[in-house]
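Here is a short tour for a reader meeting this chain for the first time. Keep the sequence and the 3D view at hand while reading.

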Amino acid sequence: MTDSASDSTSTTPFRCGYIAIVGRPNVGKSTLMNVLIGAKVSITSRKAQTTRHRITGIQTVPGAQFIYVDTPGFQTRHSNPLNKTLNKTVTNTLISSDVILYVIEAGTFGPADQQVLDQIPNDVPCILVINKSDRVKDKAVLLPFAQQIAAKHDFSAVVPVSAKLSFQLDNLQGEIKRLLPENQPVFGEDDITDRSEKFLASEIVREKLFRFVGDELPYTSTVLIEKFEQEGDLRRVFAAILVERDTHKSMVIGNKGARLKDISTQARLDMEKLFGGPVYLEIWVKVKSGWADNEAGLRAYGYE
Ligand SMILES: Nc1nc2c(ncn2[C@@H]2O[C@H](COP(=O)(O)OP(=O)(O)OP(=O)(O)O)[C@@H](O)[C@H]2O)c(=O)[nH]1
Ligand SMILES: [Mg+2]
């Protein structure tokens, strides 16, 4: 072969690596990962503590494969078994990454942000990502803010972005690509995550639970997929929402079942979009107290 295209591919090595996305709760880590890969594999909400697992989002472009790892927001406020498990997920992800995206919110930096920064190993390249820059009306304040935070660590790059408006994402991706090691791709070029459809289904239900029940429901509620079947194109999903008390159960079900119906409908629509086919979804609400209070309970419900 003598054409120039094959010449250029043979001289440019393929880049591939793991990119950890870390930061305090609610800075927009999951939203950022979803827009970077162009698919919603990680759930998001206005509430802090939405992400509870390490979630991989994969994007393959000519010459590179980006393997993003979204993590739970690092917990500094309450020390309980669930939070300890979440934090362990963050620290384990950090040490096994090739690049770290340290995400903060434009104009805000507090002790919770500092505590995450303290976890970042010095020998892994780290990009300071200043998200939600759309919220800052006076752009002139962004530069001094960025400089102030940039002085706290030896960052490889500083990139203000808006995950919501897809602002500056090409720039961010360029900086990440530069830092990725030369490696062959780990995943297929159409893969968008290493998580199973069953896992993604449980996350989608949990997102709708957060959205529709919101602040009234203690964050220790969780979702379990009891059965996941596929027949041709059709997926049949049987999910259980586990809550701590009877009063929480009626909160989820709502007046004449209206709330549970909304949760079901929205979850089904999201699943159909992500899986690319029809979904039959049944959701039951069950009372199961204390699952988040001990390690055995956490493991039983899929927490690492
Ligand atoms: N204005 C604005 N809002 C954003 C942006 N990115 C994310 N958000 C919002 O911030 C909230 C939190 O987003 P998530 O992506 O769930 O944040 P997270 O960091 O993954 O949160 P945890 O998983 O709880 O740690 C959501 O309401 C998002 O819509 C942004 O660039 N601009
Ligand atoms: Mg998240």
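This is a predicted model: local features need pLDDT of at least 70, side-chain atom pairs count only at pLDDT 80 or more; totals for chains, interfaces and linings use all residues.

Over residues 1-8, pLDDT stays under 50. For that stretch the model has one contact beyond four places in sequence. Helix H1 (residues 4-11) has the lowest mean pLDDT among the elements of the chain, at 51. E5 has the highest, at 98. The chain as a whole averages a pLDDT of 90. Of its residues, 92% score at least 70.

**Overall build**

The chain's secondary structure comes to ten helices and nine strands. Its radius of gyration is 21 Å, close to the 19 Å that the globule rule gives for 304 residues, so the chain is as compact as a globular protein of that length. Along the principal axes, the C-alpha atoms fill a box of roughly 65 × 50 × 40 Å. Buried residues account for 38% of the 304. Take the contacts between residues at least 6 apart in sequence: 70% of them join residues at least 24 apart.

**The six-stranded sheet**

Six strands form an open sheet with mixed pairing. Their order is E2-E3-E1-E4-E5-E6. Strand E2 (55-61) and strand E6 (157-160) stand at the edges with a single partner strand each, so one side of each has no neighbour in the sheet. From one strand to the next, the twist averages 20 degrees.

| Strand pair | Sense | Bridges | One residue pair |
|---|---|---|---|
| E1 and E3 | parallel | seven | Cys16 and Gln65 |
| E2 and E3 | antiparallel | seven | Thr56 and Val69 |
| E7 and E8 | antiparallel | nine | Lys227 and Phe238 |

Helix H6 (residues 169-179) lies across E1, E3, strand E4 (99-105), strand E5 (126-131) and E6. H6 runs at about 160 degrees to E6.

**Two nonpolar cores**

In soluble globular proteins, nonpolar side chains tend to be buried together. Here the largest nonpolar core has 41 residues. Which residues have the most contacts inside it? They are Ile19, Ile21, Val22, Tyr102 and Val129. At least two residues of this core come from each of E1, helix H2 (29-37), E3, helix H3 (81-95), E4, helix H4 (111-119), E5 and H6. E4 gives the largest share, six residues.

Leaving out residues up to four places away in sequence, Val22 touches Thr71, Phe74, Val90, Leu94, Ile100, Tyr102, Val103 and Val116.

Another core, of 25 residues, lies apart from the largest one. Its members include Val223, Ala239, Ile241 and Ile263.

E7 and strand E8 (residues 234-243) pair over nine bridges. Lys227 stands opposite Phe238 in E8.

**A loop residue**

Where does Pro218 lie? Pro218 is in the loop between helix H7 (197-213) and strand E7 (222-231). Is Pro218 buried or exposed? Pro218 has 11 other C-beta atoms within 10 Å, so it counts as exposed, the cut-off being 12 or fewer. Pro218 and Gly28 are 190 residues apart in sequence. In space they are 21 Å apart, C-alpha to C-alpha.

Key
Residues are numbered from 1 along each chain as its sequence is written. Chains are lettered from A and ligands numbered from 1 in the order in which they are written. Two strands pair if DSSP finds at least two bridges between them. Helices (H or I, at least four residues) and strands (E, at least two) are DSSP runs, numbered from the N terminus. Axes are lines fitted to C-alpha atoms, for helices over the stretch in contact, and angles run from 0 to 180 degrees between N-to-C directions. Two residues are in contact if their C-beta atoms, placed from the backbone, lie within 7 Å. The radius of gyration is taken over C-alpha atoms; the globule rule is 2.2 Å times the number of residues to the power 0.38. A residue is buried if 20 or more other C-beta atoms lie within 10 Å of its own, exposed if 12 or fewer, and partly exposed in between; C-beta atoms are placed from the backbone. A nonpolar core is a set of buried Ala, Val, Leu, Ile, Met, Phe, Trp, Tyr and Cys residues joined through C-beta atoms within 7 Å. pLDDT is the predictor's confidence in each residue, from 0 to 100.
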